[in-house]
Amino acid sequence: MPHMPASSALQRFRVVDLTQVRAGPTACRQLADWGADVIQVQMPEHMRGDDTLGGQEGSDYQYTHRNKRSITLNLKEAEGISVLKRLIAGADVVVENFRPDVKFRLGIDYESLRVDNPRLVYASISGFGQSGPLAGRPGFDQIAQGMGGLMSVTGLAEQGPMRVGIPIADLCAGIFAAQGILVALLERESSGKGQWLHTSLLESMVYMMDFQTSRWLIDGEIATQAGNFHPTSIPTGVYKARDGYMNIAVFGSKIWERFCDIMGAPEWVSDERYKDKKGRSVNRDSLNAEINRRLAEQDRAYWIERMNAGGVACGHISNMKEVFEEPQIQHLDMVKDVVSTHLGAQRLVGQPMQLQRTPSTIARAAPRRGEHTEEVLGELGLSAADLARMKSTGVY
């Protein structure tokens, strides 16, 4: 079937997705979820390597590749490259995450493709950038988490560096690439010209370090691990009530006063150890111990209700089952239903932004490898005889 846009917002754009693993597919999923016609180009079945993301029928793959169409092309064959270039000539966007030299070797780099399509927006995602001493290195999420500084500030100091529980470097690189593509498409409306944009796991990870970067670059402070507590604002972190753990965030002197009142400890406001932010940070261990002692007198529900009513941010720490049982999550309608032709009914998390007139949905489940090859190549004008010959010679 033809393109089924998940939203009307980007339905006029065609995207050629030459990516694999997670960062690139994430970028393309962002565009597909807002209606772009994303055509995933994969190697033919007989040439495929190990399936990534847990295999093409796994839940991870299904989540990452929804709303796309899939074709196969053998990019080791001249005709496969020729057909790809024909597809790109009519596209708005190309996204690739080859190692930096591969696209030049195949002749599908930006400078080569812009000759036939000067309006092309070409996005590259790599591990470490398109040039420089590490450009040729293989890039993986956890490597970027370590080199970008995240693991040095995550976890407990006595336990050594700690990765976070999601592939955050991959995901951020993909989201930043999608943002860059949208910026380039907006700029194209005034200039009429496309351009090459690129990001990397390492750049994305360094950018995501946010205030920790300015602590070093401006203040000269090297951040260390602070465990479950905010590195500079106490009391903010994980605390234990009678029946389990919860998060509490106390920012600013007014909120601190409200917190002390709720805790039944108004004397903390004037206590020399705790009366200002610096003192609370220096004396965090004694303050946190006293807070936990008082919290242990009641269950979490009691404290969460009282604190939020008093303007002090507080909430449960949920596992994934509890996340989707949360009434607010259900109210936000984040889970979308879709039916896979091959796997049946599925429930997947949709986009976290709500556009009133042009909302995003999940219009189609993730395709199987090459499911739309003949459909898409037929749209390029290739005849049934052409397709039969190409299939017999291993071009797709």
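Biologist: At what angle do helix 8 and helix 9 pack?
Modeller: In this predicted model, helix 8 covers residues 168–191 and helix 9 covers residues 201–208. Their axes are 8 Å apart, and the packing angle is about 95°. Angles of 65 to 115 degrees count as roughly perpendicular. That makes helix 8, relative to helix 9, roughly perpendicular.

Biologist: How many residues of the contact of helix 8 with helix 9 are nonpolar, polar and charged?
Modeller: Helix 8 contributes Ile168, Ala169, Asp170, Cys172, Ala173 and Phe176. From helix 9, they meet Leu201, Ser204, Met205, Tyr207 and Met208. Asp counts as charged. The residues of this contact divide into 1 charged, 1 polar and 9 nonpolar.

Biologist: How many aromatic pairs are found in the whole structure, and what is the pair of Trp268 and Tyr274: stacked or edge-to-face?
Modeller: A search of the whole structure gives 7 aromatic pairs. In the pair of Trp268 and Tyr274, the centres are 6.4 Å apart and the planes stand at 80°. Planes over 60 degrees apart count as edge-to-face. The pair of Trp268 and Tyr274 is therefore edge-to-face.

Biologist: Are Trp268 and Tyr274 buried or exposed?
Modeller: The cut-off for buried is under 20% relative accessible area. Trp268 has 4% relative accessibility, and Tyr274 has a relative accessible area of 2%. Trp268 therefore counts as buried, and Tyr274 is likewise buried.

Biologist: Which residues form one aromatic cluster, and which residue lies over the face of Trp256?
Modeller: The cluster is formed by Trp256, Phe259, Trp268 and Tyr274. Over the face of Trp256, at 4.5 Å from the ring centre, lies Arg280.

Biologist: Which residue lies over the face of Tyr63, and at what distance from the ring centre?
Modeller: A charge over a ring can come from Lys or Arg. For the ring of Tyr63, the residue is Arg66, at 4.8 Å.

Biologist: Is Thr72 buried or exposed, and which residues is Thr72 in contact with beyond its neighbours within four places in sequence?
Modeller: Thr72 belongs to strand 3, residues 68–72. Its relative accessible area is 6%, so Thr72 is buried. Leaving aside neighbours within four places in sequence, Thr72 is in contact with Gln42, Met43, Pro44, Arg369, Gly370, Thr373, Val395 and Tyr396.

Key:
Residues numbered from 1 in each chain as written. Predicted model: local features only at pLDDT ≥ 70, side-chain atom pairs only at ≥ 80, totals over all residues. Heavy atoms only, no water. Axes fitted to C-alpha atoms, helices over the stretch in contact; angles between N-to-C directions. Helix = DSSP H or I, 4+ residues; strand = E, 2+ residues; numbered from the N terminus. Parallel < 35°, antiparallel > 145°, perpendicular 65-115°, else oblique. Contact = heavy atoms within 4.5 Å. Phe/Tyr/Trp six-rings, centres within 6.5 Å; stacked < 30°, edge-to-face > 60°. Buried < 20%, exposed > 50% of the residue type's maximum accessible area, 1.4 Å probe, protein only. Lys NZ or Arg CZ within 6 Å of the ring centre and 35° of its normal.
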